[in-house]
Amino acid sequence: MSMRRLSPVLVMVAGLIGLWYLAAVPMNVHEVLTAAERGGAEVSPPSAMERRDMGNWALVLRNPEHLGASWSSQRPRLPAPHVVLVELYESTIDEELNGRRGLVRSGSLSNRSLVYHGLVTLNATFVGFLIGAGLGILLAVGIVHSRVMDMSVMPWAIVSQTIPIVALAPMIIVVLYSIGVQGLLPKAVISAYLSFFPVVVGMVKGLRSPDGMQLDLMRTYNADAATVLWKLRLPASVPYLFASLKIAIAASLVGAIVGELPVQQGGLGARMLAGSYYGQTAQIWAALLVAAALAAVLVWAIGAAERRALRRMGMMA
Amino acid sequence: MSGVVAALGVWAAGFGLNLWLANGPVREARATRLAVPLIFGLTLLAMWELLVRGLGVPAVILPPPSQIAATFAGNLPLLWRDFVQTILKGALGGYVIGCSAAFLTALLVDRYDYLRRGLLPLGNFMAALPIVGTAPILVMWFGFGWQSKAAVVVLMVFFPMLVNTVAGLSETSAMQRDLMRTYAAGWGQTLRHLRLPAAMPFVFNGLKICTTLALIGAIVAEFFGSPTLGLGFRISTSIGQLDLGMVWSAILVAALAGTFFYGLVSLIERRVTFWHASQRGH
């Protein structure tokens with residue numbers, strides 16, 4: 001990427017990180033002052049009761065000398081970026097090498113590292129995405145071609161999506177477990193469902209995007225429905241397809257993560273919930289960062305495929 | 001066994017009726033448009049009821065629709081309070097704040113090229129992130145009330161809306177923009193008369209995606225802590241009590257709310273973007 005394109009992004013990212021450090025001061029001020037008081041320092045006001053009722057900024061202004069600990073607090077409400085990075089390092093590379101189940105002590109990769117949890121989530125994401133996107137494309141083609149399908153299924157495809165399927169996750173997992181299905185498949189079902197809707201809506205829109213003039217031209221060629229589909233509708237829908245695939249893979253990742261909340265059997269969702277139970281904010285943020293990196297790589301891969309496809313089709317300069 | 005046979009019979013009858021309605025002499029009637037999805041839905045419901053009864057599926061795995069309807073009708077005041085808490089306060093509040101903030105940001109991003117080059121890659125990146133994962137953090141910060149749910153929804157809808165609006169604003173062709181220049185139209189006039197109308201299909205696409213996201217955000221955030229009401233709270237506690245009738249009732253409320261919400265946005269879309277190819281021809 002050229003410097004000209006990169007520099008504005010870097011400036012924005014640096015600005016956000018600066019804001020993050022700044023925000024950590026008022027966010028953590030209560031914990032920092034409590035810790036300073038325990039360490040024998042004088043804080044103002046001295047009673048914890050009074051401090052509890054005061055605003056964050058007021059406390060910051062009255063205790064400027066104690067704020068240095070804001071970025072290294074033991075139980076921060078907002079951990080500073082470098083604290084999250086240290087946690088990330090410890091739970092990936094350090095855990096894989098030196099952890100109790102790491103390479104040095106057991107000779108195999110650790111099943112407690114974020115790498116392992118990330119792969120668990122990634123598997124469910126992939127399986128769900130392939131099922132959801134495949135079914136979505138098929139249904140969209142059906143809807144555009146069959147009047148009875150369009151009229152009967154399309155309204156329900158929309159309605160069914162307004163069911164927050166992620167809320168069903170615990171139930172789906174319990175029900176599938178009771179009929180003997182567990183592990184990857186229940187999560188993939190949730191992922192598939194979440195990635196299904198964007199693809200159906202995007203593809204129906206894309207397949208209907210050729211305007212009357214183009215359809216009329218196909219008619220003058222006496223083209224049948226299959227030819228119109230292959231030569232006009234599908235090529236015209238490609239930009240819409242990729243746009244919705246990017247949304248779909250991201251939704252699929254969300255589905256896998258939420259699907260991991262009810263059963264603590266590994267995965268990034270399980271890590272986040274564990275962190276939330278034990279007040280380990282740095283652990284939540286580290287899991288979030290890994291999830292973000294996964295999402296970025298997945299969407300980037302689809303974006304790369306999109307650029308290649310559109311360039312070869314002559315739809316992009 | 002008779003339940004299964006009856007279910008198959010219902011399926012054949014419903015499908016046959018729909019085929020005739022959709023392709024027969026009344027295919028263009030307004031009533032047909034309404035009747036076909038209704039018949040499809042009723043067929044599915046009847047099959048669900050007959051299959052669950054015919055195969056003797058335990059109610060803790062899948063309750064029949066009649067039982068769900070009875071639970072729903074018997075707990076209307078309770079479900080109404082959940083609806084107000086989760087949908088009207090959490091989801092709708094966050095949706096309005098998040099979407100309008102994203103729209104205004106998109107105008108800024110579009111106006112200043114530096115912001116565009118800096119924020120758009122970030123926005124694209126953030127739109128793809130599993131933002132619902134911030135729910136435990138936001139609940140920790142904003143407390144158990146509806147404010148933390150609205151905060152999750154704001155974060156969830158902001159970036160998809162931003163990316164869609166910015167994409168829409170760059171939808172005009174060079175020829176069209178040149179025409180506006182030959183009219184000596186300023187940035188504001190070009191925006192109002194050319195680029196905003198051209199952006200509307202994308203804006204509404206974003207708004208429609210966000211309706212679903214808002215519901216998901218508000219409900220999932222309740223799994224991480226809520227007062228003793230709300231749809232997410234109802235779902236998670238009822239699963240604990242194996243009261244699946246109540247779980248499905250809460251989901252029914254969410255589904256009805258979501259459908260209404262989505263339908264309302266689609267209706268406005270049809271009014272605003274009547275000229276777009278996807279809105280014509282059907």
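Me: Domain bounds come from an automatic or database domain assignment. What does that assignment give for chain A?

Reply: The assignment divides chain A into domain 1 (3-77) and domain 2 (114-312). Taken over C-alpha atoms, the centres of domain 1 of chain A and domain 2 of chain A are separated by 40 Å. This is a predicted model, in which local features need pLDDT of at least 70, side-chain atom pairs count only at pLDDT 80 or more, and totals for chains, interfaces and linings use all residues. Residues are numbered from 1 along each chain as its sequence is written, while chains are lettered from A in the order in which they are written.

Me: How do you know what radius of gyration a compact globule of 317 residues would have, and what does chain A have?

Reply: The radius is taken over C-alpha atoms, and the globule rule is 2.2 Å times the number of residues to the power 0.38. For 317 residues the rule gives a value near 20 Å, but chain A has 26 Å. The C-alpha trace of chain A spans about 90 × 55 × 45 Å along its principal axes.

Me: What makes a segment of chain A count as a helix, and how many helices are there?

Reply: Helices (H or I, at least four residues) and strands (E, at least two) are DSSP runs, numbered from the N terminus. By this criterion chain A has 13 helices and 0 strands.

Me: Why is helix α12 of chain A called mostly covered?

Reply: A residue is buried if 20 or more other C-beta atoms lie within 10 Å of its own, exposed if 12 or fewer, and partly exposed in between, with C-beta atoms placed from the backbone. In α12 (residues 268-277) of chain A, 8 of the 10 residues are buried, so the helix is described as mostly covered. Among the buried residues of α12(A) are Leu268(A), Arg271(A) and Leu273(A). Their cover includes α6 (114-145), α11 (225-259) and α13 (281-312) of chain A, together with α6 of chain B.

Me: What makes a set of residues a nonpolar core, and how many residues has the largest one?

Reply: Such a core is a set of buried Ala, Val, Leu, Ile, Met, Phe, Trp, Tyr and Cys residues joined through C-beta atoms within 7 Å. The largest has 126 residues, and those with the most contacts inside it include Leu253(A) and Val220(B). Its largest share, 16 residues, comes from α9(B).

Me: With which residues is Val220(B) in contact?

Reply: Two residues are in contact if their C-beta atoms, placed from the backbone, lie within 7 Å. Leaving aside neighbours within four places in sequence, the partners of Val220(B) include Val166(A), Ala167(A) and Val132(B).
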